Amino acid sequence: MALIKCGGASFEFDLRLVLKDINFEVLQGDYICIVGDNGSGKTTLLKGLLKIKRPCKGEIVFGDGLELSDIGYLPQSAIVQKDFPASVNEVVLSGRLNSRGLMPFYRKIDREIADENMELLSVINLKRKCFRELSGGQQQRVLLARALCAAKRLLVLDEPVAGLDPLALNELYKIIKDINEKKGIAVVMVSHDIKNAVRDASRILQVQTRQVFWGKAQDYINSYEGKRLMQVLKDENGGVNV
Amino acid sequence: MFDVFIEMFSYAFIVRAVIVGFLVSLCACLLGVSLVLKRYSMIGDGLSHVGFGSLAIATAMNLAPLTLSIPVVVLAAFLLLNVSQNSKIKGDAFVALLSTSSVAIGVLVISVTTGLNTDVCNYLFGSILAMSKSDVYLSVTLSVIVFVLFVIFYNKIFAVTFDEVFAQATGIRAKFYNMLIAILTAIAIVLGMRMMGALLISSLIIFPALTSMRIFKTFKSVVISSAIISIFCFMIGIVISYLYATPTGASIVVINLILFFIFWIFSHFFRRGL
Ligand SMILES: Nc1ncnc2c1ncn2[C@@H]1O[C@H](COP(=O)(O)OP(=O)(O)OP(=O)(O)O)[C@@H](O)[C@H]1O
Ligand SMILES: [Mg+2]
């Protein structure tokens, strides 16, 4: 049974339809990449999956006993105020909160898991630093560590590589793939980085207000849309190399 | 200094005021950290005006002031929070609407019934003499409850204050905790209003947090420092008000203001030093 089944879901803002009739499902251990142009509705779709935004038509149902508290989430742009006093440690630990249920305080295991994830994303040395004083890329990694802390069965990432340097970018893809394969945590990722997405993901969903493509990553490469995007990338790279 | 304390504490009404003030200052500033960071400072101000209106009505109807005010202000908190979350209606405009209406109704009720007497003045500017024994028991009980709930939900309050969307997406009931913060704030405001007055109570909420944020950079340190600052300012304020017969609420606010400037200057000095 699917973790999440999205059946004909449509979303609107102020009566303007931004996503129409989306059908796909997230299976246990899946690695799904959602692609599409700016403003095509990717972030909106993720918010729908996370029940932050309700579909105006159709339905999104959790199956297989999935709960919101099994999910880790990286927002596209966390609206963190400039003057918010919070240490990296406090931010990452807050990802463990959904495992605590009604228990008020963190246990030792939570701190260990937070430390592990900070180490994984090489921000452990920033542990005591103030979150707002980090660079954009560093903040992104901290929020990723928080997402990993929260993810038990599903990891939802909205443009996780935005703002990362090339080295960190490759490392991050490796980390995500590892988590997906070794821990069996399903991944749903929005990305503009088609090349890497196609390499790692098992399935691709392309949206452009409506659903353009849904299927295996391999089939996507051979599809018209996939070919078109890959061609654009190749041309760009060619231009740079010459 | 020590003699002054002993002298002060020989008056039962001051002991009562100190106990209640201590607890209320603590609760108010803890909630203040979250309110300031969530940009909800205005809600605290709005609620205090609603509190004034309901106190006026309670007096006119000869009801115990706290027993009427607490449910009314909690209800107003409920309303304000839900409206400010709905971006279609401007939250700040609604706060202004609600607070001025409450004051207007309060003033009308007062003028029709008792007239503008010292009681009314006390509602506006606060007085430590205004507290009866039953008020003290209720205040102590409620502020202990507020404090305990804050400690129990500390981590969740951090989570919904820092990133509400993430909290909600990962299964934390953000709406519930927002509501909890609002309700606790409402209670703290009503309790503090007798001492500070409707016009000054919101400073008890926002000042310590703002002062701490000049220097401290983690949530925990800001919370702890706010608590210390709030209690410190309260104690100094009440001693000054005793020694020089100044209004308690205003004295506490001025001490808070001075401390804010000290922290502010210190933070500049500190930054340059680094
Ligand atoms: N809060 C909002 N209010 C009104 N319209 C919105 C809101 N958020 C998004 N939209 C609209 O919904 C559409 C889809 O937005 P969405 O953020 O889902 O795009 P996206 O695919 O994530 O884009 P990007 O690649 O830039 O992140 C856009 O046309 C946008 O204008
Ligand atoms: Mg987006």
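Me: Why is A:Leu15 called exposed?

Reply: A:Leu15 has a relative accessible area of 75%. Exposed means over 50%, buried under 20%, and partly exposed in between (1.4 Å probe, protein chains only). The value is 75%, so A:Leu15 is exposed. This is a predicted model, in which local features need pLDDT of at least 70 and side-chain atom pairs count only at pLDDT 80 or more, while totals for chains, interfaces and linings use all residues. Residues are numbered from 1 along each chain as its sequence is written, chains are lettered from A and ligands numbered from 1 in the order in which they are written, and side-chain values use heavy atoms, with hydrogens and water left out.

Me: What makes the phi of A:Leu15 worth a remark?

Reply: Most residues other than glycine have a negative phi. A:Leu15 is not a glycine, yet its phi is positive, about 70°. The residue sits in the loop between strand 1 (4–13) and strand 2 (16–26) of chain A. Helices (H or I, at least four residues) and strands (E, at least two) are DSSP runs, numbered from the N terminus.

Me: Which residue of chain B has a positive phi although it is not a glycine?

Reply: B:Asn62, with a phi of about 60°. B:Asn62 lies in the loop between helix 3 (41–60) and helix 4 (65–85) of chain B. Its relative accessible area is 72%, so B:Asn62 is exposed.

Me: Is A:Asp200 buried or exposed?

Reply: Buried. A:Asp200 is in helix 7 (residues 194–200) of chain A. Leaving out residues up to four places away in sequence, A:Asp200 touches A:Tyr31, A:Tyr173 and A:Lys177; contact means heavy atoms within 4.5 Å.

Me: How do you know that A:Asp200 makes a polar contact with A:Arg199?

Reply: The two side chains are 3.1 Å apart at that contact. A polar contact is a pair of N or O atoms within 3.5 Å; within protein, one must be able to donate a hydrogen and the other to accept it, and residues adjacent in sequence count only if both atoms are side-chain atoms. The contact between A:Asp200 and A:Arg199 is side chain to side chain.

Me: Why does B:Phe261 count as partly exposed?

Reply: B:Phe261 has 42% relative accessibility, so it falls in the partly exposed class. B:Phe261 belongs to helix 13 (residues 248–273) of chain B.

Me: Why is the pair B:Lys217 and A:Glu133 called a salt bridge?

Reply: Their closest N and O atoms are 2.8 Å apart. A salt bridge is a side-chain nitrogen of Lys or Arg within 4 Å of a carboxyl oxygen of Asp or Glu, so the pair qualifies. The count between chain A and chain B is three salt bridges.

Me: How much area do chain A and chain B bury between them?

Reply: About 2700 Å², 64% of it on carbon and sulfur atoms. Buried area is the accessible area (1.4 Å probe) that two parts lose on being put together, summed over both. In chain A, A:Phe84, A:Pro85 and A:Leu97 lose the most area to chain B, together 21% of what that side buries.
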